[in-house]
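Subject: Structure handover

Hello,

Here is the structure for you to open. Please have it on screen while you read my notes.

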Amino acid sequence: DVYKRQGLAQLAALPLLIGVRMLIWLTPFFTYHYWTGDEGDSVWRAVALSIASYLVCNLLSFGVAVACKWGILGRLKAGRYPLYGRFYRWWLVDRVLDIPPAHLLAGSPLQVWYLRALGARIGRDAAISRISVRAPDLLTIGDGVSIGAAVNLENFAVRGGVWEVAPITLADNAYVGSYAVLQLSLIHI
């Protein structure tokens, strides 16, 4: 039964996902203890290396997320897919994309670069605050678009045992206010 296989696959993936999150937090702890184990070790050096290890882990998490997105899922295409079919790999990729602290990029050019790395097409001078997008490679943002804080761009929906995936297109100079939710193929602003 496909439903059971997908559930078992999720169960198998959970320890890995939890382990990656734990590794980001435990690396500074282990780094500190490694550099303070001997007499004469510098606490300040250990603290600096711990902070650096935490920053490096978080920065690497962005690269790992992008690599997993392309390696596991590839480029998404709009359409309808069986809920627990081959397309369900999206669940794992969506969980991996939750690991990097993407909220720290809100409102910066780094967020635009990250979204582009995930497949989004974003025009010049786009001002993007904190957004959530389910399928970045089906997102097109035109030149001069302004998107407010906590905007959900929901281009995924489950209806009747089927995943529906659709593009979201924001034309040049469009404005989306804070806390807005844009969902599925109704979106072409």
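Is Ser50 buried or exposed? Ser50 is buried, because its relative accessible area is 8%. Buried means under 20% relative accessible area, exposed means over 50%, and partly exposed lies in between (1.4 Å probe, protein chains only).

Two notes before the rest. This is a predicted model, so local features need pLDDT of at least 70 and side-chain atom pairs count only at pLDDT 80 or more, while totals for chains, interfaces and linings use all residues. Residues are numbered from 1 along each chain as its sequence is written, and side-chain values use heavy atoms, with hydrogens and water left out.

**Helix H2**

Ser50 sits in helix H2. Helices (H or I, at least four residues) and strands (E, at least two) are DSSP runs, numbered from the N terminus. H2 covers residues 43-73, which is 31 residues. From first C-alpha to last, H2 reaches 44 Å, close to the 45 Å expected at 1.5 Å a residue. That expected span is 1.5 Å times one less than the number of residues.

The buried residues of H2 include Ala46, Ser53, Phe62 and Leu73. Its buried residues pack against helix H1 (2-35), helix H3 (89-97) and helix H4 (109-117).

Now look at the two ends. At the start of H2, a side-chain oxygen of Ser42 comes to within 3.4 Å of the backbone nitrogen of Trp44. Just after H2, Gly74 has a positive phi of about 75 degrees.

**Around Ser50**

What does Ser50 touch? Apart from neighbours within four places in sequence, Ser50 is in contact with Pro28, Thr31 and Tyr32. Contact means heavy atoms within 4.5 Å. A polar atom of the Ser50 side chain lies 3.0 Å from the backbone oxygen of Pro28. This is a polar contact: a pair of N or O atoms within 3.5 Å, where, within protein, one must be able to donate a hydrogen and the other to accept it, and residues adjacent in sequence count only if both atoms are side-chain atoms.

Thr31 belongs to helix H1. Thr31 counts as buried because its relative accessibility is 16%. Not counting residues up to four places away in sequence, Thr31 touches Leu49, Ser50 and Ser53.

**Cysteines**

How many disulfides does a search of the whole structure find? The search finds zero. A disulfide is a pair of cysteine sulfur atoms within 2.5 Å. The sulfur of Cys57 is 15 Å from the closest cysteine sulfur, in Cys68, so the two are too far apart for a bond. Cys57 is buried, with a relative accessible area of 15%. Cys68 counts as partly exposed, at 22% relative accessibility.

**Empty space**

Rolling a probe the size of a water molecule over the atoms shows where empty space is left. The search uses a 1 Å grid over the protein atoms alone. A cavity is a set of points where a 1.4 Å probe fits but cannot get out. A pocket is an open set with protein on both sides within 12 Å along at least five of seven lines. Lining residues have an atom within 4 Å of a point. Grid points are joined across faces, edges and corners, and a volume is the space filled by probe spheres set on the points.

One cavity of 30 Å³ or more turns up in the whole structure. The largest cavity holds about 40 Å³ of space. Among its lining residues are Lys69, Leu73, Trp90 and Pro136. H3 gives the largest share of that lining, four residues.

The largest pocket holds about 500 Å³ of space. It is lined by 20 residues, and the closest to its centre are Asp98, Ala102, Ile131, Ser132 and Val133. H3, H4, strand E4 (131-133) and strand E7 (151-154) each supply at least two residues of the pocket lining.

**Two loop residues**

Most residues other than glycine have a negative phi. Asp125 has a positive phi, near 55 degrees. Asp125 lies in the loop between strand E2 (121-122) and strand E3 (127-128), and is exposed, with a relative accessible area of 66%. Asn173 also has a positive phi, of about 65 degrees. Its loop joins strand E10 (168-170) and strand E11 (175-176). Asn173 counts as exposed, at 61% relative accessibility.

Best wishes
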